[in-house]
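Please read them with the coordinates open.

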Amino acid sequence: MYESYEETNLWKVVENLPRGVHVNFLKAERSLHRWALEDLQRIHAAEESAADEGGGVEMHVLEDAGHWVHADNPDGLFRILSFSFKGVKA
């Protein structure tokens with residue numbers, strides 16, 4: 001399963017979002033994982049492009065969180081993602 005994850009490249013989706021689609025990237029402040037400069041540049045370029053096209057790409061940094069973002073800072077994670085839940089009926 002991990003090999004499948006490693007082989008999947010979704011940059012084309014991120015860089016050509018359909019109107020109204022929003023993608024959130026989350027970086028944990030205390031994570032040992034370091035994002036490649038190329039990836040950060042692509043995300044920031046996609047942020048600008050998506051905004052012009054009526055979609056949305058957004059990079060967030062979750063303070064006081066390591067790899068287990070949902071356990072390290074659940075309130076901060078909820079604040080970042082809560083707008084995604086608006087209009088969702090249970």
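**Notes on the predicted model**

1. Start at Met 59. Leaving out residues up to four places away in sequence, Met 59 touches Phe 25, Lys 27, Trp 35, Leu 40, Ile 43, His 44 and Glu 47. Keep in mind that this is a predicted model.

2. Met 59 belongs to the largest nonpolar core, which has 9 residues in all. Two or more residues come from each of α2 (11-15), α3 (37-53) and β2. Which element gives the largest share of this core? Helix α3 does, with 3 residues. There is also a second, separate core of 6 residues. Among its members are Ala 28, Ala 65, Val 69 and Leu 77.

3. Now the overall layout. The protein chain has 5 helices and 2 strands. Read from the N terminus, the order is α-α-β-α-β-α-α. The C-alpha trace spans about 35 × 35 × 25 Å along its principal axes. Of the 90 residues, 23% count as buried. Take the contacts between residues at least 6 apart in sequence: 63% of them join residues at least 24 apart.

4. Surface and charge. The protein chain exposes about 7,100 Å². Carbon and sulfur atoms supply 54% of that area. There are 9 positive and 16 negative charges.

5. Helix α5 (residues 74-81) deserves a look down its axis. Gly 76, Leu 77 and Ile 80 are buried there. Why do they fall on the same side of α5? They cover an arc of only 100 degrees around the axis, which puts them there. The general rule is that an α-helix has 3.6 residues a turn, so residues three or four places apart point the same way. On the other side of α5, Asp 75, Phe 78 and Arg 79 are exposed. The cover over the buried residues includes β1 (22-28), β2 (56-62) and α4 (69-72).

6. Leu 81 is also in helix α5. Is Leu 81 buried or partly exposed? It counts as partly exposed, because its relative accessibility is 27% and buried means under 20%. Leu 81 and Asn 24 are 57 residues apart in sequence. In space they are 8.2 Å apart, C-alpha to C-alpha.

7. His 60 sits in strand β2. At 10% relative accessibility, His 60 counts as buried. With residues up to four places away in sequence left out, His 60 touches Asn 24, Phe 25, Leu 26, Lys 27 and Ile 80. Ile 80 is one of the buried residues of α5.

8. Which residues does Gly 56 touch, not counting residues up to four places away in sequence? They are Leu 17, Val 21, His 22, Val 23 and Ala 50. Gly 56 and Leu 17 are 39 residues apart along the chain. Their C-alpha atoms are separated by 7.7 Å.

9. Check the backbone at Asp 64. This residue lies in the loop between β2 and α4. Asp 64 has a positive phi of about 55 degrees, although it is not a glycine. Most residues other than glycine have a negative phi. Asp 64 counts as partly exposed, at 47% relative accessibility.

10. Asn 73 goes with the previous point. It lies in the loop between α4 and α5. Is Asn 73 buried or exposed? It is buried, with a relative accessible area of 15%. Apart from its neighbours within four places in sequence, Asn 73 is in contact with Leu 62, Glu 63, Asp 64 and Ala 65. That list includes Asp 64, the residue with the positive phi. It also includes Ala 65, a member of the second core.

Note on methods. Residues numbered from 1 in each chain as written. Predicted model: local features only at pLDDT ≥ 70, side-chain atom pairs only at ≥ 80, totals over all residues. Heavy atoms only, no water. Helix = DSSP H or I, 4+ residues; strand = E, 2+ residues; numbered from the N terminus. Buried < 20%, exposed > 50% of the residue type's maximum accessible area, 1.4 Å probe, protein only. Contact = heavy atoms within 4.5 Å. Areas by Shrake-Rupley, 256 points an atom, 1.4 Å probe, with all protein chains shown as cover. Lys, Arg positive; Asp, Glu negative; His and termini not counted. Charge placed at Lys NZ, Arg CZ, Asp CG, Glu CD. Arc of directions from axis to C-beta. Core = buried A, V, L, I, M, F, W, Y, C linked by side-chain atoms within 4.5 Å.
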